Amino acid sequence: ARLQEARTQQRGKSWLAVECGGRGLLFPLREAGEIFAVSTLMPVPHTHRWFLGVANLRGHLHGVVDLASFLGVKAADAPRDQARLVGFNAALELNCTLLVERLSGLRSETQLTADTSAPADSAERPAFVGALYRDAAGRAWQELNLAELAADETFLRVVG
């Protein structure tokens, strides 16, 4: 309900905050879709390790990507008791969900400050990696643009 409310009252930037590989990530709220509990996954042969398979979510097949593994920040002993699947907004036309370790709520631009000490953009930085922010406690939160991720060639090429 809060997610829907935040979408309709959006005035400035707002994000869905998640944790992956022990790192804080921000998904732009306008690009994030439905959130699901982790369900039964059907593995797909000959795919990358980060592509976990497909899941039947509300009668539709969705690919499931282990986001921490895709980003290369996977912790070997990551707990899955609070894990969730975060879908892409339907407007992005991608039947895919991202496995995250846990949800951390909603964030707005009034709660975060852009980290100006972050290194300047480099050629190695993927287009889906957005700005780095810090909260009042000093924790770093990296923005991931889901629309850019949905168009990323490496992300779309699940066959390994």
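A salt bridge here is a side-chain nitrogen of Lys or Arg within 4 Å of a carboxyl oxygen of Asp or Glu, and by that criterion the side chains of Arg-139 and Glu-19 meet in one, at 3.3 Å from N to O. The structure is a predicted model, in which local features need pLDDT of at least 70 and side-chain atom pairs count only at pLDDT 80 or more, while totals for chains, interfaces and linings use all residues. Residues are numbered from 1 along each chain as its sequence is written, and side-chain values use heavy atoms, with hydrogens and water left out.

**Salt bridges**

- A search of the whole structure finds six salt bridges, and Glu-19, Arg-102 and Arg-139 are linked in a network of them.
- Arg-139, in the loop between β10 (129-134) and β11 (140-144), and Glu-19, in strand β1, are 120 residues apart; strands (E, at least two residues) and helices (H or I, at least four) are DSSP runs numbered from the N terminus.
- Glu-19 counts as buried at 14% relative accessibility, whereas Arg-139 counts as partly exposed at 27%, where buried means under 20% relative accessible area, exposed over 50%, and partly exposed in between (1.4 Å probe, protein chains only).
- Glu-34 and Arg-58 also meet through their side chains in a salt bridge, at 2.4 Å from N to O, and this pair joins strand β3 (residues 32-37) to the loop between β4 and β5.

**Backbone with positive phi**

- Arg-58, which is not a glycine, has a positive phi of about 55°, and this residue is exposed at 64% relative accessibility.
- Glu-93, in the loop between β6 and β7, likewise has a positive phi, of about 50°, without being a glycine, and is exposed at 73% relative accessibility.

**Cysteines**

- The count of disulfides, defined as pairs of cysteine sulfur atoms within 2.5 Å, comes to zero, because the sulfur of Cys-20 is 13 Å from the closest cysteine sulfur, in Cys-96, too far for a bond.
- Cys-20 is buried, with a relative accessible area of 1%, and Cys-96 is buried, with a relative accessible area of 7%.
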